[in-house]
Amino acid sequence: MKEATQGMWEAIMESANLQRAWKQVRANRGAPGVDGMSIEAFPAWAREHWKEVAALLESGQYRPKPVRRVEIDKPGGGKRLLGIPTVLDRVIQQAIAQVLGSEVDGSFHPSSYGFRPGKNAHQAIKQLQADQQSGYSHVVDLDLEKFFDRVNHEVLMRLLRRRIEDKRVLRLIGKGLSSFTRRIWV
């Protein structure tokens with residue numbers, strides 16, 4: 001599959017991909033990261049600073065900001081930890097996810113419905129009902145609570161290296177993973 005990832009950096013940095021990433025981040029809304037920049041303030045900031053950011057990305061010198069950590073109340077009681085990247089980092093992460101996702105989505109199990117484009121909980125329930133009518137009697141439901149807090153980044157990067165040849169992409173993903181371990185509590 002490595003052949004398909006040739007030109008991945010160019011696909012990530014393509015203007016249309018970055019615009020789609022921004023639209024998705026804007027639609028998701030969300031709170032500011034450690035830099036305090038809001039979704040509303042980002043377009044003006046990006047018009048002024050994007051060339052600098054692109055040069056840092058291209059040279060490999062871009063470093064994502066630490067993730068702002070907050071605790072939010074769970075509906076059933078208790079607290080949930082939430083990591084909030086800066087708006088800029090969210091746009092870059094989304095741009096990577098759009099390109100990488102299209103490369104790897106076809107290798108996921110067809111019964112995997114979580115966080116996949118074109119798949120949702122209603123489809124999963126419909127599939128469960130069809131499986132039950134076909135004679136299946138057991139269901140496996142996985143809750144990946146705190147998975148990304150505990151995932152071994154070295155193993156993840158080793159798996160990504162099997163699919164991604166472009167060292168620039170790998171380096172940027174690695175830096176993004178590191179930003180999640182640098183936490184600033186508010």
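In this predicted model, the count of aromatic pairs comes to 2. One of them joins tryptophan 22 and phenylalanine 42, whose ring centres lie 5.1 Å apart. The two planes meet at 35°, so the pair is tilted. The partners come from distant parts of the chain and stand 20 residues apart. Tryptophan 22 belongs to helix α2, which spans residues 15–28. Phenylalanine 42 belongs to helix α3, which spans residues 42–59. Tryptophan 22 is buried because its relative accessible area is 11%, under the 20% limit. Phenylalanine 42 is also buried, with a relative accessible area of 5%. Ring pairs link Trp22, Phe42 and Trp45 into a cluster.

The chain as a whole contains 8 helices and 3 strands. Along the sequence these elements follow the pattern α-α-α-β-β-α-α-α-α-α-β. The chain has 186 residues, and 30% of them are buried. Taken along the principal axes, the C-alpha atoms fill a box of roughly 60 × 45 × 30 Å.

The loop between α2 and α3 holds arginine 29. Most residues other than glycine have a negative phi. Arginine 29 has a positive phi of about 60°, although it is not a glycine. Its relative accessible area is 61%, so arginine 29 is exposed.

Salt bridges number 4 in the model. In one of them, the side chains of arginine 168 and glutamate 10 meet at 3.2 Å, N to O. Arginine 168 lies in helix α8 and glutamate 10 in helix α1 (residues 8–13), so this bridge ties together parts that are 158 residues apart in sequence. Arginine 168 also meets the side chain of glutamate 58 in a salt bridge, at 3.3 Å, N to O. This second pair links glutamate 58 in helix α3 with arginine 168 in helix α8, 110 residues apart. The network of salt bridges links Glu10, Glu58, Asp166 and Arg168.

Another salt bridge joins lysine 79 and aspartate 73. Their closest N and O atoms are 2.6 Å apart. Aspartate 73 is exposed, with a relative accessible area of 58%.

A patch of positive charge gathers on the surface from Arg158, Arg161, Arg162, Lys167 and Arg171. Helices α7 (153–163) and α8 (167–181) each give two or more residues to the patch. The largest share, 3 residues, comes from α7. Arginine 171 is found in helix α8. This residue is partly exposed, with a relative accessible area of 42%.

Helix α8 also holds lysine 175.

Definitions and conventions: Residues are numbered from 1 along each chain as its sequence is written. This is a predicted model: local features need pLDDT of at least 70, side-chain atom pairs count only at pLDDT 80 or more; totals for chains, interfaces and linings use all residues. Side-chain values use heavy atoms; hydrogens and water are left out. Patches are made of residues with over 30% relative accessible area and no salt bridge: like charges are joined within 9 Å, nonpolar side chains (Val, Leu, Ile, Met, Phe, Trp, Tyr) within 5 Å. Accessible areas come from the Shrake-Rupley method with a 1.4 Å probe; for residues, only the protein chains shown count as cover. Lys and Arg count as positive and Asp and Glu as negative; His and the chain ends are not counted. The place of a charge is taken as NZ of Lys, CZ of Arg, CG of Asp or CD of Glu. Helices (H or I, at least four residues) and strands (E, at least two) are DSSP runs, numbered from the N terminus. Buried means under 20% relative accessible area, exposed over 50%, partly exposed in between (1.4 Å probe, protein chains only). Rings of Phe, Tyr and Trp (its six-membered ring) pair if their centres lie within 6.5 Å; planes under 30 degrees apart count as stacked, over 60 as edge-to-face and the rest as tilted.
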